[in-house]
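I opened this entry to log what I looked up, one item at a time. Surface first, then the fold.

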Amino acid sequence: MKNRKSQTILVLIVIILFLTQGCAGRAAHPVKIAQSGDVKKTCKALRKETKQIKRNIRKMIPAVKKADKKRTLLMVSGGLLIVPWFFLDMSDADKIEANAQRARYNYLVDIAGRRNCRFKVPKLKKFYFDDKGYRKRNR
């Protein structure tokens with residue numbers, strides 16, 4: 001009797017953990033790189049949008065670093081207790097969105113360069129992370 005009761009409790013715990021795993025992450029909503037109307041934008045509009053994108057990226061990078069630290073902590077503690085692995089966010093939504101913002105920024109810089117706009121905006125290099133979840137190292 002006692003053995004059967006513990007089995008049902010164990011099954012309920014496993015079911016609850018699997019259900020909560022589905023709530024661990026969020027879907028990424030990356031910005032489209034080329035949008036309609038980009039070709040018609042003036043130099044002033046291009047400058048304004050590139051500045052806005054750069055501000056957005058500066059806000060996103062700390063969130064990506066924080067998510068990486070949290071994921072690392074959960075991975076290490078999950079090696080000991082297994083339960084934290086159920087709460088890992090493996091979607092990398094922040095990384096995907098930041099890389100999409102970078103690609104959009106570089107696309108707008110290309111348009112501004114082709115138009116000979118008189119503001120110098122350097123292209124953004126790849127980030128220290130890749131949106132696939134692993135870090136690229138500079139070698």
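I looked for nonpolar surface and found a patch of about 420 Å², made by Met-75, Ile-82, Trp-85 and Met-90. The model is predicted, and I read it as such.

I then checked Met-90 on its own. Met-90 sits in the loop between helix H2 (43–81) and helix H3 (93–114). Is Met-90 buried or exposed? Its relative accessibility is 54%, so I logged Met-90 as exposed, the cut-off being over 50%.

Next I took up H3. I wanted to know what its 22 residues should span. At 1.5 Å a residue the figure is 32 Å, and the end C-alpha atoms of H3 are 32 Å apart, which agrees. After H3 comes Asn-116, and I noted its positive phi, near 60 degrees.

I turned to charge. Which residues gather in a surface patch of positive charge? I listed Lys-44, Arg-47, Lys-48, Lys-51, Arg-55, Arg-58 and Lys-59. An α-helix has 3.6 residues a turn, so residues three or four places apart point the same way.

Last, the whole chain. I counted three helices and zero strands. Along the sequence the pattern reads α-α-α. How much of the chain counts as buried? I wrote down 27% of the 139 residues.

Methods: Residues numbered from 1 in each chain as written. Predicted model: local features only at pLDDT ≥ 70, side-chain atom pairs only at ≥ 80, totals over all residues. Heavy atoms only, no water. Patch = residues over 30% accessible without salt bridge, like charges linked within 9 Å, V, L, I, M, F, W, Y side chains within 5 Å. Areas by Shrake-Rupley, 256 points an atom, 1.4 Å probe, with all protein chains shown as cover. Salt bridge = Lys/Arg side-chain N within 4 Å of Asp/Glu carboxyl O. Helix = DSSP H or I, 4+ residues; strand = E, 2+ residues; numbered from the N terminus. Buried < 20%, exposed > 50% of the residue type's maximum accessible area, 1.4 Å probe, protein only. Expected span 1.5 Å × (residues − 1). Lys, Arg positive; Asp, Glu negative; His and termini not counted. Charge placed at Lys NZ, Arg CZ, Asp CG, Glu CD.
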